[in-house]
Amino acid sequence: MNFKKALLILFSLFFFSSQIFAKEVKFAFLTDISLNNSNSDYLKETIKELNEMKDVDFVVFGGNNLDSAKFQYLKTFLGIIKNLNKKAYVLMGSNDLYANDGMDKDLYLLKTSKVLKNHSKKPNYVFKKNGYVFVVMDGTKQYFKSSNGYYSTAELKWLDKTLTKYKNDNVIILQHFPITLSKSMWLQTAKVEEYIDVLRKHNNVKVMVSGHYDTNLEEKFGNINVILTENYSKNHAYKIIELDLENDYIGTFLVK
């Protein structure tokens with residue numbers, strides 16, 4: 001084997017291994033779309049825009065995807081986002097569910113998983129990308145209408161167990177309802193102290209991304225980097241988030 005060929009093989013192996021163990025991830029977070037019969041064209045245009053972003057790894061729809069808990073709105077929403085050329089993950093918000101009208105969590109996620117193949121059918125779930133662990137928290141109330149989120153005892157036990165399982169990984173939590181304080185009592189997530197108690201037991205949560213408060217904000221919450229994204233339905237804004245935590249880099253860009 002000549003020197004040039006050997007050097008080429010070594011370079012190829014290095015490049016390949018660096019791709020496998022890459023520690024960078026880039027994703028889009030759209031929240032509070034509030035889709036109905038009159039505004040769906042805006043989301044169609046955004047999907048086309050996202051499809052042109054070759055370096056975006058996946059897209060998160062961060063809850064309140066529907067204007068109200070109507071099956072027709074869900075069908076339209078899923079029919080649009082299925083045209084993404086990259087992986088999509090769907091969270092739920094206060095507007096998305098109302099079990100008394102037949103739109104409960106099981107139906108919402110069943111329909112979602114049929115359109116987005118291999119999507120979780122559970123409201124709390126985990127997925128991995130480029131060495132990062134993404135934990136989706138639910139917090140919705142499906143049996144009565146309320147603008148407040150609430151993370152149940154069962155959810156928080158699941159979170160505690162999940163954070164223990166991935167204690168050696170960098171964890172990013174994705175959720176519709178923030179645990180930081182809101183100026184509005186109508187939006188403030190209930191009993192956040194219990195959630196915070198779970199987080200204090202662990203040191204692997206590095207980033208928490210939320211919507212719901214209609215706020216574009218980045219701040220520190222203890223050692224956690226909190227990212228809030230404003231309401232898409234008002235000006236069609238969403239956020240691109242880029243992470244390279246090994247190099248202490250967190251970048252955000254608000255797209256309008």
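Lys26 and Asp55 form a salt bridge, with their closest N and O atoms 2.5 Å apart. A salt bridge here is a side-chain nitrogen of Lys or Arg within 4 Å of a carboxyl oxygen of Asp or Glu. The pair links distant parts of the chain, 29 residues apart. Lys26 sits in strand S1 (residues 25-30), while Asp55 sits in the loop between helix H2 (40-51) and strand S2. Helices (H or I, at least four residues) and strands (E, at least two) are DSSP runs, numbered from the N terminus.

This is a predicted model: local features need pLDDT of at least 70, side-chain atom pairs count only at pLDDT 80 or more, and totals for chains, interfaces and linings use all residues. Residues are numbered from 1 along each chain as its sequence is written, and side-chain values use heavy atoms, with hydrogens and water left out.

## Charged pairs

Lys26 counts as buried because its relative accessibility is 17%. Buried means under 20% relative accessible area, exposed over 50%, and partly exposed in between (1.4 Å probe, protein chains only). Asp55 is partly exposed, with a relative accessible area of 45%.

How many salt bridges does the structure hold? There are eight. Three of them are listed here.

| Salt bridge | N to O distance |
|---|---|
| Lys26 and Asp55 | 2.5 Å |
| Asp41 and Lys44 | 3.7 Å |
| Lys234 and Asp214 | 2.6 Å |

Asp41 and Lys44 both belong to helix H2. They are three residues apart, which means about one helical turn separates them. Lys44 is partly exposed, at a relative accessible area of 40%.

Lys234 and Asp214 also meet through their side chains. Lys234 lies in helix H7 (residues 232-235) and Asp214 in the loop between S7 and strand S8 (217-221), so the pair ties together parts that are 20 residues apart in sequence. Lys234 is exposed, with a relative accessible area of 60%. Asp214 counts as partly exposed, at 32% relative accessibility.

## Strands

In strand S10, its bridge partner is Glu242. S1 and S10 pair in the antiparallel sense over five bridges. Two strands pair if DSSP finds at least two bridges between them.

Strand S10 (residues 238-244) is mostly covered, with six of its seven residues buried. Seven bridges join S10 to strand S11 (residues 249-255), and these two run antiparallel. Asp244 stands opposite Tyr249 in S11. S10 and S11 form a hairpin with four residues between them. In the turn, Asp248 has a positive phi of about 55 degrees.

Strand S2 (residues 58-62) pairs with S3 in the parallel sense, over five bridges. Val60 has Tyr89 in S3 as its bridge partner. The chain crosses from S2 through helix H3 (residues 71-81) to S3, and this β-α-β crossover is right-handed. That term means that, with the strands pointing away from the viewer, the path from the first strand over the helix to the second runs clockwise. Four of the five residues of strand S3 (residues 87-91) are buried, so S3 is largely enclosed by the rest of the structure.

Helix H5 has 13 residues (residues 153-165). At 1.5 Å a residue they should span 18 Å, and the end C-alpha atoms are 18 Å apart, which agrees. The expected span is 1.5 Å times one less than the number of residues.

Which residues of H5 are buried? They are Glu155, Leu156, Leu159, Asp160, Thr162 and Leu163. These cover an arc of only 165 degrees around the axis, which puts them on the same side of H5. The arc is that of the directions from the helix axis to the C-beta atoms. The face turned away from the buried side carries the exposed residues Ala154, Lys157, Lys161 and Lys165. What covers the buried residues of H5 includes strand S4 (125-129), strand S6 (171-175) and helix H6 (192-200).

In H6, Val192, Tyr195, Ile196, Val198 and Leu199 are buried. They cover an arc of only 155 degrees, which puts them on the same side of H6. On the other side of H6, Glu193 and Arg200 are exposed. The buried residues of H6 pack against elements including H5, S8 and strand S9 (224-228).

## A buried serine

Ser34 lies in the loop between S1 and H2. Ser34 is buried, at a relative accessible area of 13%. Not counting residues up to four places away in sequence, Ser34 touches residues including Asn39, Asn64, Asp67 and Ser233. Contact means heavy atoms within 4.5 Å.
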